[in-house]
Amino acid sequence: MPVLSLNESLLFTSMLFSVGLAGMLVRRNLVFMLMSLDVMLNASAVLFVAAGARWHDASGQVMFLMILALAAVETSVGLAIILCLHAQGRPTLDADTGNLLRG
Amino acid sequence: MMSLLLPLAVLCPLAASIIVFLSAGRLSARAVGGVACGGVGLAALSAIMLATGLLAGPPGGVVHAQLWEWVRVSGFSADIVFTLDRISMVMILVVTVVGLLIHVYAARYMADDPGIARFFGCMTLFVAAMLVLVLASDLLCLFIGWEGVGLCSYLLIGFWHDDPANTAAARKAFFMTRIGDTALLCGLLLLATQAGSLRIEPILAATMAGLVPSFTLIAAASFVLVGALAKSAQIPFQTWLPDAMAGPTPTSALIHAATMVTAGIYLIARLHVLFAAAPVVMAVMAVTGALTLLVAACTALVQSDLKRILAWSTISQLGYMFLALGCGAWQAALFHLMTHACFKALLFLAAGAIIMRLGHEQDIFRMGGLRRTMPGLGVAFVAGASALAGLPVVTAGFYSKEMILAGVWGSRFMTPLSAHVLWATGLLGAFLTALYIFRCVFIVFAGEGKGAVSGGTPRLMAVPLACLTFLALFGGIIEMPDVIAPVHLFTALLSPSGHPSPMHEPGWTVLAGAIVPLAGLAVAWVLWGRTPAVMREMPQQAAIIRLARPGHGMDVLYDHIFVQPLRLLVWLTRRDVPDRLVAQAGWLTRSASIALAKTRKDILDTVARRTAIMTAEGSLLLGWMQNGRVRWYAGWVAGGLCVALAVVMLS
């Protein structure tokens, strides 16, 4: 018997996802945007686990592991991009300043 | 073994040609001549072996050699395949043996020419192409040889290409024969559509079985006839052969007398079954032959160039053969082809030797009295002339001409065309032949000497002349009229199974055929033999003869009919008349389209303008969306997702 029912977990994950999305849209700092992205990914991962618990299927947990790996890769690539930009002498982490196709 | 020997006969001259061409400038003249003679000699040897093998075999037996398959699609096939039967056996013997003698002669004749490698390359290539033509049992394969001999003829007529007149003569020969080649190809394609193959035997079998519609048959036969007429320089096409004398004399002997021009005769003899089914075409052929015979003989009578006399006499003799073919006496035509190859080659080679020793003098009126200075050549030339005139009993030409005349006498036409009239024409032609050739003999050899004579005849040139003299005198005794002796070896050779066709010719026709050449000889003696000065110089004074003489009448006619309209066209093109017409048409079109456009302008304009405005606005909107800001993109993604979800939920 799970602690949370499916409805409760759906509510929780959609709230989590909305928080992530809002963070993504309103923050300008690249690092915070990455964190918001991870929040959104984790929301979907939690939903997979909840669904797997509801239908007694291990695929949900397998999908969670995959999303974990995906999030790790995404974070590392994102951080690498930020480091690259920093190495080129860009003084800021503001995402809106990088809107021109010039490196 | 026989079928192995057959491709070898073709391959030897071809290999010699390739060797000679590739080694141009690296081999000495003697070596080049040796290689060429060797190639043709091997071909002659294999031809003789093939002939003996074929004659030892069963009557009607043939030798097949299929080399490779050329084309195979559904409904049509063509192979490279050689077949040796009795007709082609006669032809390969003529081509290789006479060709060999001429090559031996030419090895000495051309020894001092810097282009000797090119010359012998072309000559041996010609022999190879001619053998392909003769041996092919597929008409498409035959066409390769047909074009090959045309090419070699072109190359050799223009051999001394420094003189523009020679290249013009070469081009003329090429164009004239090209007309015929095109017609021949049309005929072949027509046959191919009917028979699905161009193998000769199936086509002839289909013709005999009456499977080919008669209209198609007549059309195909006419096309093939036109091709043969052009190759053999018969009446509408006769103008190229006299000009072809611009080439070296051995070329004239080999190509324009002995072999290539007989290709048309051979083709029709080969397809005689096809022509027998089209009697109208046969009648046209006979009349054309008779007409050519007379016209060419008359033209030869007033020429003053030694080689041109022989050229016109070749045309005249080919007319004889076409007359025989048109009357259905194809054996007689082939027999005359064989003897003609011998004596005409002899005449040309002797003439070449005479011309060489006189320092390239070709005008017979500047010769004279040569019987004392070059007796050997005189004997050879007189032997050839006698054979050409057909002096009775002792020459080959007599027997072949008798056979033709007998065939013409005995022929039957469905059209109201009397065989006896044609026979009389042939007889008149024989008289004229004797007249013009002995005119030439008397002017050249009798009388007192003019002009200097240098050197002697080299042995390498004398030996072929002796061989050909022998053949020209005694080559004819294998076939005789019944009145003299019932010898029919040649007919028996060609159609071994069939009984020799009985020719019911009265004895007096043979007598007439024997007397007429003698009469011609006598008249020639009266006119040119004794009388000095006046008669001799006549051809240069009489206006009518001067008009008729160069045979340029036909050239002028052709010039007016064919060349001038083309010139007019060229003039029109140069003055940009078509261009102006086009410009006018373009102006008209433009004004019309302007008027038309005015009526439609408003609608189209509006549509176009609206389209442009909408496109511009759309691009502005898109450009504003693509602002490069990541957060905006994320917002678009989220918004799009929401819209998609909403659509899914609401629908």
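This briefing covers selected helices, loops and domains of chains A and B.

The model is predicted: local features need pLDDT of at least 70, side-chain atom pairs count only at pLDDT 80 or more, and totals for chains, interfaces and linings use all residues. Residues are numbered from 1 along each chain as its sequence is written, chains are lettered from A and ligands numbered from 1 in the order written, and side-chain values use heavy atoms, without hydrogens or water.

**Chain A: annotated spans**

- An unreviewed UniProt entry places the feature "transmembrane region" at residues 6-27, 39-56 and 62-85 of chain A. UniProt positions follow the numbering used here, feature names are shortened, and annotations may be inferred rather than shown by experiment.
- Residues 6-27 of chain A are 95% helix and 0% strand, with end C-alpha atoms 31 Å apart. Helices (H or I, at least four residues) and strands (E, at least two) are DSSP runs, numbered from the N terminus.
- Residues 39-56 of chain A are 94% helix and 0% strand, and their end C-alpha atoms lie 25 Å apart.

**Helix pairs**

- Two packed helices are described by the angle between their axes and the distance between the axes. Axes are lines fitted to C-alpha atoms, for helices over the stretch in contact, and angles run from 0 to 180 degrees between N-to-C directions.
- Helix α1 (residues 6-26) of chain A and α2(A) have axes that come within 7 Å and cross at roughly 165 degrees. That makes α1(A) roughly antiparallel to α2(A). Angles under 35 degrees count as roughly parallel, over 145 as roughly antiparallel, 65 to 115 as roughly perpendicular and the rest as oblique.
- The crossing of α1(A) and α2(A) is left-handed. A left-handed crossing has the near helix turned anticlockwise from the far one by less than a right angle; clockwise is right-handed.
- In chain B, helix α3 (residues 86-109) packs with helix α10 (residues 249-258) at about 165 degrees, their axes 9 Å apart. α3(B) and α10(B) are therefore roughly antiparallel. Their crossing is left-handed.

**Positive phi in loops**

- Most residues other than glycine have a negative phi.
- A:His56 is not a glycine, yet its phi is positive, about 55 degrees. A:His56 sits in the loop between α2 (30-55) and α3 (59-87) of chain A. At 74% relative accessibility, A:His56 is exposed. Buried means under 20% relative accessible area, exposed over 50%, and partly exposed in between (1.4 Å probe, protein chains only).
- B:Ala233 also has a positive phi, near 55 degrees. B:Ala233 lies in the loop between α8 (214-231) and α9 (240-243) of chain B. B:Ala233 is buried, at a relative accessible area of 0%.

- Helix α17 (residues 375-389) of chain B has 15 residues, so at 1.5 Å a residue it should span 21 Å; its end C-alpha atoms are 20 Å apart, which agrees. The expected span is 1.5 Å times one less than the number of residues.
- α17(B) is mostly covered, with 11 of its 15 residues buried. Among them are B:Leu377, B:Phe381 and B:Leu388.
- B:Gly390 follows α17(B) and has a positive phi, near 80 degrees.
- B:Leu511 is in helix α22 (residues 507-530) of chain B. B:Leu511 is exposed, at 53% relative accessible area. B:Leu511 and B:Gly529 are 18 residues apart in sequence and 25 Å apart in space, C-alpha to C-alpha.

**Chain B: domains**

- Chain B is divided into domain 1 (281-493 + 503-541), domain 2 (551-575) and domain 3 (577-650). The bounds come from an automatic or database domain assignment.
- The C-alpha centres of domain 1 and domain 3 of chain B lie 87 Å apart.
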